[in-house]
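I would like the cut-offs behind each term to be stated as they come up.

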Amino acid sequence: MDLQDYLAAVIFGAVIGIVARVVLPGRQNIGIILTVLIGMGAAVAGTWAADRWDIHSDKFLVVRGHSYDWLVIGVQVGIAVVGVAVAALLAKAFSTDDDDD
């Protein structure tokens with residue numbers, strides 16, 4: 001892997017994290033860095049899960065010569081949604097704001 005592969009992973013993770021925040025209803029009080037990290041983790045976990053349970057389709061998204069399976073992307077976004085929801089719940093639980101009075 002070279003620098004371009006790492007950069008692509010960060011960008012892909014950011015996109016997955018942002019899509020997860022858009023799909024998840026309500027407001028999530030977490031930062032963009034945490035969103036990107038959750039997206040990157042979800043990309044890795046989703047790829048692993050799809051390979052482990054043989055979840056693949058014949059529809060592909062092709063970006064600059066790289067092909068991405070739509071079903072695997074769906075698994076990745078699903079994992080990212082769960083990750084963003086858990087992070088938002090933890091952020092709310094440990095928040096010191098007294099706005100709920």
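The paragraphs below go from the chain as a whole to individual side chains.

This is a predicted model, in which local features need pLDDT of at least 70 and side-chain atom pairs count only at pLDDT 80 or more, while totals for chains, interfaces and linings use all residues. Residues are numbered from 1 along each chain as its sequence is written, and side-chain values use heavy atoms, with hydrogens and water left out.

The protein chain contains three helices and two strands, which follow one another from the N terminus in the order α-α-β-β-α; helices (H or I, at least four residues) and strands (E, at least two) are DSSP runs, numbered from the N terminus. Its C-alpha trace spans about 55 × 30 × 20 Å along the principal axes. Of the 101 residues in the protein chain, 27% are buried, where buried means under 20% relative accessible area, exposed means over 50%, and partly exposed lies in between (1.4 Å probe, protein chains only). Among contacts with a separation of 6 or more, 58% join residues 24 or more positions apart, a contact being heavy atoms within 4.5 Å.

Two aromatic pairs occur in the structure; rings of Phe, Tyr and Trp (its six-membered ring) pair if their centres lie within 6.5 Å, and planes under 30 degrees apart count as stacked, over 60 as edge-to-face and the rest as tilted. Phenylalanine 12 and tyrosine 68 form a stacked pair, because their ring centres are 5.2 Å apart and their planes meet at 15°. This pair links distant parts of the chain, since phenylalanine 12 belongs to helix H1 (residues 3-23) and tyrosine 68 to strand S2 (residues 66-69), 56 residues apart. Phenylalanine 12 is partly exposed at a relative accessible area of 22%, and tyrosine 68 is also partly exposed, at 26%.

The other pair, tryptophan 48 with tryptophan 53, is edge-to-face, with 5.7 Å from centre to centre and 75° between the planes. Tryptophan 48 counts as exposed at 52% relative accessibility, and tryptophan 53 is exposed with a relative accessible area of 57%.

Is threonine 35 buried or exposed? With a relative accessibility of 0%, threonine 35 counts as buried. Threonine 35 lies in helix H2 (residues 32-52) and, leaving aside residues up to four places away in sequence, touches Gly13, Gly17, Ile18, Arg21 and Ile30.
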